[in-house]
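Here's a quick briefing for anyone opening this structure for the first time. Have a look at it, then read on.

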Amino acid sequence: MKSIEIITRRLLLKPLGSEYVQTVNDYALDYENTKYMCNLPNKNIEETINFLENAEAEWLKEKPEYYEFAILYRNQHIGAVSIHFENGIGELGWIVNKKYWGNGFAYEAAEALVTYFIDNMETTHFIAHCDTENAASYKVMEKLGMVRTGKWGGRRNKSASHDTFEYQYELIIPR
Ligand SMILES: CC(C)(COP(=O)(O)OP(=O)(O)OC[C@H]1O[C@@H](n2cnc3c(N)ncnc32)[C@H](O)[C@@H]1OP(=O)(O)O)[C@@H](O)C(=O)NCCC(=O)NCCS
């Protein structure tokens, strides 16, 4: 896959890779930044390095199954947005370093990602999941025009000691 760069009003989205190890590690090991996530926090920098090496290798594939983008704001790496494909459905994900929360960055990045995949990759079905307590995340989904299509228990966030509830949201683009 050739590299993809997406420019928005304030942000630049670029392939996420090993060059961002310190700034990814800053949020990936932070409890507050990851408490509603199933795959984070990482225990150590080795886990972050491994994640970034895999993301980088995926970018090199002819037909990647997933795309991880670094979010850059004024040349600073502030977070990531991603899309993982299964059976043609794109699962969206996002994380922003907590120092940058509340500025509309996650929505701006995610909206640009969705638009790019609709326009250039013929993606017509997007899905996303989050903890029902994670208002910041489901607000991003709702601002994207996604509709809540499920709620169930049995979610186990990585740093949690008990199960919680999860929402599912979807966006289907008519062709
Ligand atoms: C979810 C996350 C990426 C949102 O990032 P952000 O850049 O702060 O989000 P935005 O500023 O684009 O906000 C989007 C909407 O959510 C609202 N919002 C943001 N934080 C909120 C909060 N803590 N509670 C309620 N609403 C919130 C915003 O007001 C905005 O809605 P509005 O435009 O109607 O005001 C960020 O909180 C984060 O990194 N969380 C930790 C990682 C995570 O949980 N990722 C999702 C896993 S499913």
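The shell around the ligand divides into 13 nonpolar, 6 polar and 2 charged residues (Ala, Val, Leu, Ile, Met, Phe, Trp, Tyr, Cys and Pro count as nonpolar, Asp, Glu, Lys and Arg as charged, and the others, Gly among them, as polar). Bear in mind that this is a predicted model: local features need pLDDT of at least 70, side-chain atom pairs count only at pLDDT 80 or more, and totals for chains, interfaces and linings use all residues. Residues are numbered from 1 along each chain as its sequence is written.

**Around the ligand**
- The ligand has 21 residues around it, and Ala106, Tyr107, Cys130, Ala136 and Lys139 are the closest (a residue counts as near if its C-beta atom, placed from the backbone, lies within 6 Å).

**Where H1 meets H3**
- Val21, Val24, Asn25 and Ala28 in H1 meet Ile45, Thr48, Ile49 and Leu52 in H3 (contact means C-beta atoms, placed from the backbone, within 7 Å).
- By class, this contact has 6 nonpolar, 2 polar and no charged residues.

**The whole chain**
- The chain has 5 helices and 8 strands.
- In sequence order, they follow the pattern β-β-α-α-α-β-β-β-α-β-α-β-β.
- The C-alpha trace spans about 40 × 40 × 30 Å along its principal axes.

Note on methods
Two residues are in contact if their C-beta atoms, placed from the backbone, lie within 7 Å. Helices (H or I, at least four residues) and strands (E, at least two) are DSSP runs, numbered from the N terminus.
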